[in-house]
Amino acid sequence: MSETNIDGNTGGVSPARKEPNHLRRAIILWVVLSVIGMVIVVIISPFVLPPGASDLGNTDNSSLTLLTVLAVPVSMFVFVFLLYSLFVFRVKDKPTEDAVPLKPRPSLQIGWMAITGVLCLFLVIYGLFAFYQESSAASTNTLIVKVTAQQWQWTFEYPQSGATSRGSQVIELPVNRPVQFYVTSDDVLHGFAIRALGVRADANPGEVTNTAIVTPTVIGSYAVQCVELCGLFHSYMWEQVKVVSVADFNFWITSQGGRP
Amino acid sequence: MTQVSVTTEVKRPGIIHRLFPSVVSGILLGIVGAVVFNVITNAITQDNNQDATVVFSYVGWILFFFVGIGAFNGVWKWGFGRAEATTAEELELAGKDQGLWRYFRYTTDHKVVGMQYLATTLFLFFLGSLGAFMIRLEQSQPGALFFNPSTYNTIVGMHGILMIVASIIMISGPFGNFVLPIMIGARDMAFPRLNALSYWLIFSIIPVFFSTIFLGGFQTGWTGYAPLSVQTLTPGMDAYSITIIVFAVSTTLAALNIITTVMVLRTRGMTWGRLPIFVWGVILSVLLGLTAFPTFLMSQVMVLMDRVFQTSFFIAAYGGNNWLYEHLFWFMGHPEVYVIALPSMAVAAEITSVFSRKTVYGRRMLLGSLITICILSVVVWGHHLYTSGSATALNAAYMLDTELISIPTGFFFLALIGTFWRGKVWVTVPVLFIAGMLVNFVIGGITGIYLADLPTDEILHGGMFVTAHFHFTLVGSMVFGFFAAFYYWFPKMVGKRLNPRLGTLHFWLFMIGFNGTFLSLFFAGLQGEPRWSANVAPPFATANLIASLFAILIAASVFVTIYNVIITLRSGERADANEWGGKTLEWSVPTPVPLENFEHLPVVTSTPYDYGTPEPHPSDAEGALEPAPLLPQEES
Amino acid sequence: MSTTLEHTHEEHTHELAPHIRIGRARAGVLMLILSDTMSILAILAAGGYLNALNTENAFRASGDHAAGFVPGLLLAIALVVSGLGYYLWARTTRKNGGNGLPLFFILSLVFMLVALVGQTWVSLTLNRDYVSPYSAYESVITLISWFTAVHLLLAVIIGVLLLGRITRNRVKVVGLNYVPEVVGYWWFYTIIGSILLWLFSLVI
């Protein structure tokens, strides 16, 4: 991370005593553990994260993995240097003499700020890029689904085909067709979320909030959840969304009283 | 418990004089006031407005409680008394020669107030952790196990408020009152009566808050989101709002008192540049609270108006909007996180320096980063509203600002690691807690980045991941910081040594239990478990069961602490006046600390971190009067 | 921390030095004002935000109007007179070393009392025209009205206490004449804040 700076830093103070080079040891430890940690994150992340079932879901999962990979060296730095200090520099009893003060080097501080700044800037730009990519994905063929929350159930409308699904029914979406949800609420604040598709928006009474346009890519059955505390049966406000083939969807929407 | 009463020759005050004014007369009169207001409100409101009755009964309780405890005596004397209070009267009010009974009166001595805050904080933490354990019990398996959803939501809300209130006061209250004035070389706080008032305000809302159990509870969780809070029929919600309003007043008074104390009562030579970092942390924190809490107060006034007078601040059908509540709430809610964090981070720097026997690495850099965090945190609240749809255009700005905070936070880590590095690290219980704090703070801070970044927040918002994240920052980091401060200053405050073996046991049980619990909840959050679920869905059952099992360790750590405190109070060893070899002023006064702290006010000649340098000769004291000559070896 | 113990002039009495007393009073009141300003800002922001959102076009119910303009203007004038009275009293106090003309203060307090009574009357009569459940606009106006009334009540209470001190000839505290100045901060702040809220209620 900032090896040169730290090297320079202790160079100023390093005493004439015969001691192992603590800094080199800690840095080697840090590099080794970071590399191991990053490899482990890449290997296990597919097992920890639920599989993405849409374009957004996949992007989100890779963002999570990327952030975690970046997080490994940062956290390892603190862990290694902290635990190294606690184990190597510890004294048994109340110390009778003081330690030699470390002189802060401006170069270290500036270097530290530069590294955290670059990391931070990278994350912001990355986030903005992903965000605008999602929110500006225009499509001519978007399926609109109006979602209305109320205590404690969801109502789904398909205005383009004139169908409504109310109550504890399973709703369906066609695979590989962009879909956008217009979310609102009849009573209190609710949160509309389908984790596997990577969509989430608050359902505000009196306002309509749009989710990003999402294209489901994997046929399957996914959970719709309420993610804002909305009263007594908040945790029971679950429904299912099925992503099905276009033919199945057309059949289903007709059965709901709409036209395909 | 610090001062044994030795009033043998003085005439003993009669029982009436002892009880009035005191907390006993306060409670008695408060109950009378509540009943009177209840009857009057019932008579005035035609349509049996239950909320109005409850709200005004609480107002009656609070007003008359303060009449009974004697809070208005000083105000009355200020206006209509014949003369100013004499020194003898002030000392009487400060609890001179009143033994333990002074802890139950409107006592102005800052050390008494500090002990009252400490006892209250521990009490609230205990009840809050009881709530936490009940939540883990309910979530250990899918389905409604022990509680119905209504009870569960109330427990979640009560756990949240108890913990938030306790952690807001946990450092600025006990240590900000007891230690801070001594640290800056003052004999008391700037406004001793206001100091007592700020404590007793918190005391007065504890029964109000717990009355919610008997009034049907509240469904909203600690955030109290409107319009759910307006819609809630049970008057238990009113208890929540009143609690918040009074608490906001209390923190405001405490804040202005602490800031004024530091501004005007620093002893000679205690320049701003020489102020201990702990003092900086506390004043930055309370300054933030001073500006943040009024909006929370107003939001609860609006909720009460909506509930009692049928106004429509948050009712969409009549032109209100729930976004208003969210903005008012989070304008307080995010700075509040730093109200909790800043003093804890400052404590960490203080303790690290003492136990490494080494000056704080880059002290100015650390101070600068604390100040930067304080400023940046005022304008980050929008990241709680990413998915709300209220200001989508501003999301990018909020994201930038939120992630900027990681830069000064990075400096905090640099400062602490730099202080430990090559120090003479004396690993005691406070140091263990600081180490735990740093480890947990890394995890809590980095998971904060996930929530600050728009694409990942999109799948994590409102989920268990958020719960795990803020528990890592608030509990894993800041409450660990509190316990470090607790073990560090307990010998000074109480005069006895907490058992270090039990302290170490406390640390390991807490650390392992905490990490086990909340790392499992991170996993559940990544899988997509929503927050606030009374009924755990089957896919998340295993992670929740593991979390609940680890919570047993946390529960065990709570009882270890209680046992430790009890045996220490009963038969602990006497602590030294300077138990750890610290150089801040509180270690220079005897234990127990005498009533006015200093026989002679000290004159300060350097920063309190000058380890490893020769002691400045007393004859150098003249130099102290010039502003801020910092340590020569510090930051060339 | 290395310290030296030495005697300074303020030590044996344990009394606070004059400049500390004055600084303490100033800082305390100014910070109270800072915090209270935040709550006024919260009200202004809430009113403006709800107005801008105009959720479901229901911010105003049909026929919604502010509290009467003329009563508001009269109250504002009463407040200005009260402020003027206070200013004159504080000035004479400063010039005469603690013995100002009490008449000015009584004038100030009476006008503050008039404003309080008037504001309470305005708040109570708002209900005559507004029907429950109140629209968001009516909610904001009601809040502003009662919030102002509570502020004026606080000022009156402080004024009565100060009147008590004046009648007992205790304006000076341990020989220091800072009370008129410091109470004045709050007095003028109350007046400015109330008028500001009134103006806001006109433009919203």
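Mentor: Start with one rule. A salt bridge is a side-chain nitrogen of Lys or Arg within 4 Å of a carboxyl oxygen of Asp or Glu. In this predicted model, the side chains of B:E84 and C:R165 meet in such a bridge, at 2.6 Å from N to O.

Trainee: What should I know about the model and its labels before going on?

Mentor: This is a predicted model, where local features need pLDDT of at least 70, side-chain atom pairs count only at pLDDT 80 or more, and totals for chains, interfaces and linings use all residues. Residues are numbered from 1 along each chain as its sequence is written, chains are lettered from A and ligands numbered from 1 in the order in which they are written, and side-chain values use heavy atoms, with hydrogens and water left out.

Trainee: How many salt bridges are there between chain C and chain B?

Mentor: The count is 2. The pair B:E84 and C:R165 is a salt bridge between these chains.

Trainee: How many residues of chain C are in contact with chain B?

Mentor: Contact means heavy atoms within 4.5 Å. By that rule, 55 residues of chain C touch 68 residues of chain B.

Trainee: And how is buried area read?

Mentor: Buried area is the accessible area (1.4 Å probe) that two parts lose on being put together, summed over both. For chain C and chain B the figure is about 5,200 Å². Carbon and sulfur atoms give 66% of that area.

Trainee: How many residue pairs are in polar contact between chain C and chain B?

Mentor: A polar contact is a pair of N or O atoms within 3.5 Å. Within protein, one must be able to donate a hydrogen and the other to accept it, and residues adjacent in sequence count only if both atoms are side-chain atoms. Chain C and chain B have 16 such residue pairs, both residues at pLDDT 80 or more.

Trainee: Which element gives the most to the side of chain C that touches chain B?

Mentor: Elements come from DSSP runs: helices (H or I, at least four residues) and strands (E, at least two), numbered from the N terminus. Here α1(C) gives the most, with 17 residues.

Trainee: How does that side of chain C divide by residue type?

Mentor: Ala, Val, Leu, Ile, Met, Phe, Trp, Tyr, Cys and Pro count as nonpolar, Asp, Glu, Lys and Arg as charged, and the others, Gly among them, as polar. The side of chain C that touches chain B has 29 nonpolar, 17 polar and 9 charged residues.

Trainee: Now chain A and chain B. What area do they bury?

Mentor: About 7,800 Å², with 68% on carbon and sulfur atoms. In contact are 85 residues of chain A and 90 residues of chain B. Polar contacts link 24 residue pairs, both residues at pLDDT 80 or more. On the chain A side, α4(A) gives the most, 16 residues. That side holds 48 nonpolar, 20 polar and 17 charged residues.

Trainee: In which sense do β1(A) and β1 of chain B pair?

Mentor: Two strands pair if DSSP finds at least two bridges between them. β1(A) and β1 of chain B (residues 425-426) pair in the parallel sense, over 2 bridges. A:V91 stands opposite B:W426.

Trainee: Which domains does chain A have?

Mentor: Domain bounds come from an automatic or database domain assignment. That assignment gives domain 1 (3-89 + 104-135) and domain 2 (143-255) of chain A. Their centres, taken over C-alpha atoms, are 39 Å apart. Domain 1 puts 13 residues in contact with 13 of domain 2.
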